[in-house]
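Let's take a friendly walk through a protein model together. Keep the picture beside you as you read.

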Amino acid sequence: MNAGRRIKVVLAKPGLDGHDQGAKVVVRALMDAGFEVIYTGLRQTPEAIARIALEEDADVIALSSMAGSHLPICRKLKPLLEEAGLGDKLWIIGGNLPARDHDALRGLGFKGIFPSSSRLEDIVNYIRTQAP
Amino acid sequence: MKPKDLPARELRPVVNESGIEIKPLYSAADVAASGGESMIGLPGEYPFTRGIHSLMYRKQPWTMRQYTGFGNPADTNKRFHYLIANGQTGLNVAFDLPTQCGMDSDDPQAEGEVGRVGMAVDTLRDFEIAFEGVDLERITVSLTVNGAAAILIAMYLAMAEKRGYDLARLRGTAQNDILKEFIGRGTWVYPVEPSIRLVGDTIEYCATHAPKYSPVSVCGYHIRESGADPAQEMAYAFCIAKAYADEVIRRGLPVDEFAGRLSFNFNCFGSLLEQVAKFRAGRSLWAKIMKEHYGAAKPGSMWLRMIAGGGGGGLTFEQPELNIVRGAYYALICALAGTQTMALCCYDEAYTIPSEYAQRISLRTMQLLIEEMGLTDTVDPLGGSYYVETLTNQMRGRMEAIMAEVDAQGGIVKLVGEGAIQAKVSAQAYRRQRDIEAGSLRKVGVNCYRTEDKTPEMEFHPYREEDARAQVRSLDRVRAERDAGRVQSALARVRTDARSGTNLMPAIMDAIKAYASVGEITGVLVGVFGRYREPVRF
């Protein structure tokens with residue numbers, strides 16, 4: 001990343017899942033870590049997430065998914081992010097993500113996977129070291 | 001110095017989550033200093049601190065109502081019958097997210113979510129299937145739905161009526177608490193004001209047409225899950241309940257004609273006796289609000305009738321088998337607190353939709369308290385404990401202070417509309433998470449007593465794409481078979497009544513009976529009311 005510019009994270013709640021306690025906790029942790037954070041709010045479509053990430057010139061695209069629809073959502077989002085030229089950004093996802101789905105998520109380009117019980121400092125450190 | 005010689009002032013201070021300092025020992029002097037015994041009374045008598053009924057569980061144990069629903073209505077119907085066969089005495093229906101957000105199963109936004117976290121429902125046909133063979137007089141049904149509540153209540157009443165039940169005698173509950181949905185849980189549809197109007201419409205309609213039905217269950221539960229402390233949980237719930245009561249009273253309905261059917265839903269995780277005191281304090285505070293603020297005369301109007309349990313926020317992903325033990329303590333809290341209905345989160349719920357096995361363990365946990373532990377033998381067994389009575393007085397004081405603060409800041413509707421409550425509780429959730437990670441807030445298996453040993457294999461609930469396709473085919477079939485003209489005129493009436501401010505329930509009932517879908521009715525209402533825009537505030 002460019003020197004002097006803060007890491008910019010777009011954190012989105014995709015789909016209809018309304019569990020936002022964890023997402024908001026992570027937003028606060030990222031803000032405290034000095035990152036610039038755009039939180040989208042609930043019910044974002046893959047199209048909206050790609051658009052916001054592009055408009056905001058995000059370094060990191062982070063999803064929070066608690067209600068089990070992470071795979072269909074990431075399958076739809078991957079080509080949209082690539083078309084928007086965001087393929088070189090850091091894509092991460094957190095939430096209720098069974099271990100058996102982690103390989104599939106990695107295959108869809110989500111390099112950072114933070115299932116329930118992940119520590120905030122691990123998320124922060126991962127972004128700090130991996131953001132483009 | 002030996003520990004027994006340690007002077008009390010050198011002990012590590014203990015402050016409970018609600019901000020009350022806990023002494024190492026309590027006596028009658030503490031009860032007196034905290035406000036005395038004037039709010040204790042007897043169970044079944046004002047202010048109902050000790051219970052809303054005189055004999056409580058000696059007459060009838062709490063209702064057991066595990067939260068259940070997934071896939072298609074036929075799948076869910078099978079699980080309902082499994083739970084009833086295992087001794088469950090009520091049903092608590094989980095709907096999938098498209099249904100909860102007012103979308104049909106063929107809505108593009110529903111893709112991948114149909115039947116995933118609850119049962120998919122599109123039309124009255126789905127309710128006919130879901131409740132087939134369930135005796136609706138013996139088994140009361142609770143519908144966990146909020147943004148789409150008016151539509152689903154209408155669907156339940158229409159289904160019951162079609163099966164020959166007398167609505168004047170039909171019991172049951174809908175969650176239908178939209179204000180807390182803006183704070184946490186998030187299945188809102190319309191902006192704040194029309195959302196409150198719809199809650200008012202359901203209360204007003206049920207007061208006349210289904211007077212035994214509880215159209216609202218005001219939830220401190222999810223506010224607690226979102227980061228509120230136990231005193232805030234109850235105080236914010238009461239502020240919200242007052243907002244609904246004010247909406248209905250404004251329309252001219254006397255308080256005693258609807259307040260008896262207001263019900264509540266509270267959480268139970270956290271320190272054991274703080275929770276028990278919370279419920280006892282809440283019971284007397286709600287009675288006082290109803291009697292003194294609203295001038296209610298009927299005792300039933302003053303009763304804090306509640307479902308208590310869940311405890312999801314206290315359960316852990318680590319060492320999930322410990323959640324079975326936590327669940328047993330949570331059930332104990334709820335029994336000691338005198339709840340009317342109990343439900344427990346299952347040990348596998350941090351991972352998946354609960355398996356039949358996990359559901360049975362939760363059900364048996366509650367049954368153990370009744371059958372083996374003597375929890376139904378006597379009413380309010382902790383009544384008179386110096387500590388519990390002192391804490392009950394102090395918790396009530398905290399709740400009153402929080403309610404006064406909300407009023408001073410412009411009221412709960414304004415604060416929720418601005419996102420202020422959301423920001424406050426989410427800041428607290430963040431502090432809590434920091435405290436857990438720092439180890440100052442102890443969580444067994446998380447920041448102490450960790451183990452590298454393998455945890456038992458979880459049985460993941462299967463999600464079948466084919467079920468979603470079947471649900472869409474079933475919706476297509478209903479659309480092809482129904483009287484399209486009747487649907488159109490019913491939807492036109494929904495639109496007219498939404499615009500004019502007429503109570504929407506009769507029009508929604510007509511539309512439901514014509515097999516209009518959840519998404520079609522919601523679409524008409526969104527056309528008039530617009531959609532909620534979430535305030536993002538940190």
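This is a predicted model: local features need pLDDT of at least 70, side-chain atom pairs count only at pLDDT 80 or more; totals for chains, interfaces and linings use all residues.

A crossing of two helices is called left-handed if the near helix is turned anticlockwise from the far one by less than a right angle.

**Two helices side by side**

Helix H18 of chain B covers residues 484-500, and helix H19 of chain B covers residues 505-513. Their axes come within 8 Å and cross at roughly 165°. Angles over 145 degrees count as roughly antiparallel, and H18(B) and H19(B) are therefore roughly antiparallel to each other. The crossing in which H18(B) passes H19(B) is left-handed.

Which residues make the contact? From H18(B) come B:Ala490, B:Leu491, B:Arg493, B:Val494 and B:Asp497, while H19(B) brings B:Ala507, B:Ile508, B:Asp510 and B:Ala511. Sorted by class, the residues of this contact are 6 nonpolar and 3 charged, with no polar ones.

**Two open sheets**

Strands of a sheet pair through backbone hydrogen bonds, either parallel or antiparallel. Chain B has an open sheet of 5 strands in the order E3-E12-E11-E10-E9, with parallel pairing. Another open sheet of chain B has 5 strands in the order E4-E5-E6-E7-E8, and its pairing is parallel. The table lists the edge strands, each of which pairs on one side only.

| Sheet order (chain B) | Edge strand | Edge strand |
|---|---|---|
| E3-E12-E11-E10-E9 | E3, residues 63-64 | E9, residues 216-219 |
| E4-E5-E6-E7-E8 | E4, residues 67-68 | E8, residues 213-214 |

Now look at some pairings inside these sheets. E9(B) runs parallel to strand E10 (residues 262-267) of chain B, and 4 bridges join them.

**Where the chains meet**

How many residues does each chain bring to the contact? Chain B gives 30 residues and chain A gives 26 residues. On the side of chain B that touches chain A, helix H3 (97-100) and helix H16 (420-438) each supply at least two residues. H16(B) gives the most to that side, with 5 residues. By class, that side of chain B has 13 nonpolar, 9 polar and 8 charged residues.

Methods
Residues are numbered from 1 along each chain as its sequence is written. Chains are lettered from A and ligands numbered from 1 in the order in which they are written. Two strands pair if DSSP finds at least two bridges between them. Axes are lines fitted to C-alpha atoms, for helices over the stretch in contact, and angles run from 0 to 180 degrees between N-to-C directions. Angles under 35 degrees count as roughly parallel, over 145 as roughly antiparallel, 65 to 115 as roughly perpendicular and the rest as oblique. Two residues are in contact if their C-beta atoms, placed from the backbone, lie within 7 Å. Ala, Val, Leu, Ile, Met, Phe, Trp, Tyr, Cys and Pro count as nonpolar, Asp, Glu, Lys and Arg as charged, and the others, Gly among them, as polar.
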